[in-house]
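Welcome, and please have your viewer ready.

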Amino acid sequence: MQEEINILIQAQYPLIYLITSEEERSEQAIATIAQTKPQRRVFVWTVTHGIVEYGQPRVTTQHNTVSPEAAIEWVIRQKEPNGGAGIYIFKDLHPFKDSPAVTRWLRDAIASFKGTQKTIILMSPVLQVPIELEKEVIVLDFPLPDMKELNQVLSKQLEQAKPRRISTEAREKLLKAALGLTKDEAEKVYRKAQVTTGRLTEEEVDIILSEKKQLIRRNGILEFIEEDETLDAVGGLEELKRWLRQRSNAFTERAREYGLPQPKGMLILGVPGCGKSLIAKTTSRLWSLPLLRLDMGRVYDGSMVGRSEANLRNALKTAESISPAILFIDELDKSFAGGGGSADSDGGTSSRIFGSFLTWMQEKKSPVFVMATANRVERLPGEFLRKGRFDELFFVDLPTKEERQDIFKIHLSKRRRDIARFDLEQLSNVSDGFSGAEIEQALVAAMYEAFAQDREFTQLDIIAAIKSTMPLSKTMSEQVTALRDWARQRARPAASSVAEYQRMEF
């Protein structure tokens with residue numbers, strides 16, 4: 001990024017918009033650029049102190065430059081021997097974007113900078129460009145610190161810690177844990193880990209990850225999900241589990257050295273209540289990656305034009321900043337159902353968000369694995385289903401007889417230590433057509449019935465609860481049948497028995 005800014009300044013670009021919340025780090029990078037030939041002076045403007053030359057005390061301000069109009073006029077009037085060569089940083093000018101005078105002064109400055117070595121850099125964490133300047137400004141995102149910069153922060157902190165030297169593996173874990181944080185945030189969280197435990201080793205990674213959780217909470221659109229269950233808590237779906245276990249080390253450097261590309265994502269279609277969301281949540285434990293849930297309901301914001309698109313960009317940018325990570329989108333069919341043509345209903349907002357998300361999925365280079373679930377395949381735009389968006393498309397059907405036995409075993413074991421008194425095969429037979437969620441609710445209903453009578457629940461209580469329940473596969477049989485017919489030739493079965501049968505048939 002420093003090289004890109006240097007090229008733009010050398011090419012006499014008059015106006016650069018630098019999006020960053022790290023003012024000090026950005027100023028240092030610009031000051032370094034200013035030392036290259038031809039050397040330039042650097043000035044910084046704030047609404048509190050006016051224009052101050054970089055490196056000088058704030059008391060040495062230029063007179064009458066507190067207002068942005070006066071400050072820009074001052075920049076235009078600079079006639080130094082070297083042609084007024086300089087870099088002029090304006091911090092947080094975006095609140096004045098609706099001021100006609102400020103916009104006009106900026107346009108005057110751009111016109112007067114032709115043939116000179118003057119550049120104005122608008123520095124702000126918020127991107128708000130007046131429409132009059134859209135053709136003139138270059139917008140850049142100042143990146144967060146990379147491993148090299150974070151290593152300098154860690155080395156400085158280790159000088160004050162015990163032990164001062166740590167293994168290469170421990171250092172790598174501490175650095176990767178801090179990826180996605182600003183330089184100041186990394187310094188603070190390393191200090192926090194040292195103060196909390198009195199040391200700084202790989203065992204303090206959890207303390208550093210807690211800072212990332214705060215980052216997600218501040219975002220407001222993403223939700224950090226912590227799941228205690230493992231993949232073993234999911235009954236059946238062995239083919240899907242095998243696929244996930246094969247890729248448990250897919251984001252490591254060893255996989256890159258082997259020549260494997262980073263996994264993009266997977267889409268899980270299926271009948272409601274069959275464990276799609278639980279699979280997504282437990283995968284984060286299997287892969288040891290943070291799980292971020294993208295709430296599309298929070299993305300849409302009609303308060304102002306472009307706000308929804310900005311929300312999505314910020315959410316995806318946050319996910320990339322803490323990658324490698326899993327981005328979980330539950331019920332994708334509801335989130336993007338109107339993406340195909342929403343011009344009449346919401347002014348095209350859904351279409352633009354849908355297009356932005358598809359483009360991001362196609363072009364993203366960061367290790368963010370998109371894990372999406374859906375129930376109604378006919379609602380999904382065709383663009384989602386083409387090869388290249390997702391690595392694999394799985395179909396989760398109603399559990400088979402053997403899978404229902406596993407599901408009963410899992411849920412009974414959670415609630416009672418001794419389950420030998422239950423006939424799992426009989427329970428599986430009477431629950432034909434039930435989803436995993438319906439099996440669990442039938443078990444809970446049986447327990448409530450027995451609890452109300454102050455006794456232990458039995459096999460007959462569970463059977464009675466099952467008999468009194470009408471499963472979704474019967475109440476919505478047409479929808480389930482249509483989904484099965486669609487998935488038979490287009491999706492990979494999640495159950496191992498079905499997958500093996502299809503391989504033999506092929």
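Let's begin inside: the count comes to 2 cavities of 30 Å³ or more. A cavity here is a set of points, on a 1 Å grid over the protein atoms alone, where a 1.4 Å probe fits but cannot get out. Its volume is the space filled by probe spheres set on the points, with grid points joined across faces, edges and corners. Keep in mind that this is a predicted model, in which local features need pLDDT of at least 70 and side-chain atom pairs count only at pLDDT 80 or more, while totals for chains, interfaces and linings use all residues. Residues are numbered from 1 along each chain as its sequence is written, and side-chain values use heavy atoms, with hydrogens and water left out.

**Stop 1: the largest cavity**

Select Y17, L93, H94, F96, K97, V102, T103, L106, L122, S124, Q128 and P130, which line the largest cavity; lining residues have an atom within 4 Å of a point. Two elements, α4 (100–112) and β5 (118–124), each give two or more residues to this lining. Helices (H or I, at least four residues) and strands (E, at least two) are DSSP runs, numbered from the N terminus. The volume of the largest cavity is about 90 Å³, and α4 gives the most to its lining, with 3 residues. Colour by class and you will find 7 nonpolar, 4 polar and 1 charged residues. In this scheme Ala, Val, Leu, Ile, Met, Phe, Trp, Tyr, Cys and Pro are nonpolar, Asp, Glu, Lys and Arg are charged, and the others, Gly among them, are polar.

**Stop 2: the six-stranded sheet**

Now show the strands of the open sheet with the order β3-β2-β4-β5-β1-β6, where the pairing is mixed. Two strands pair if DSSP finds at least two bridges between them. Which strands stand at the edges? They are β3 (50–53) and β6 (138–141); each has a single partner strand, so one side of each is left without a neighbour in the sheet. Select β1 (residues 15–19) with β5: these two are parallel and share 5 bridges.

**Stop 3**

Angles run from 0 to 180 degrees between N-to-C directions, and axes are lines fitted to C-alpha atoms, for helices over the stretch in contact. Next, bring up α3 and α4, which pack at an angle of about 10° with their axes 9 Å apart. That makes α3 roughly parallel to α4, a label for angles under 35 degrees. For the contact (heavy atoms within 4.5 Å), select P68, E69, I72, E73 and I76 of α3 and A101, V102, W105, L106, D108, A109 and S112 of α4. Those residues divide into 8 nonpolar, 1 polar and 3 charged.

**Stop 4: the seven-stranded sheet**

Move to the open sheet of 7 strands in the order β7-β9-β10-β11-β8-β12-β13, also of mixed pairing. Strands β9 (residues 291–294) and β10 (residues 325–329) run parallel, joined by 3 bridges, and L292 stands opposite L327 in β10. Helix α23 packs on this sheet, touching β8 (265–270) and β12 (392–396).

**Stop 5: the second largest cavity**

Finally, select V271, P272, N375, L472, M476, Q479, V480 and L483, the lining of the second largest cavity. Its volume is about 40 Å³. Helix α23 (residues 477–490) provides the largest share of that lining, 3 residues.

Technical notes
On a 1 Å grid over the protein atoms alone, a cavity is a set of points where a 1.4 Å probe fits but cannot get out, and a pocket is an open set with protein on both sides within 12 Å along at least five of seven lines; lining residues have an atom within 4 Å of a point. Angles under 35 degrees count as roughly parallel, over 145 as roughly antiparallel, 65 to 115 as roughly perpendicular and the rest as oblique.
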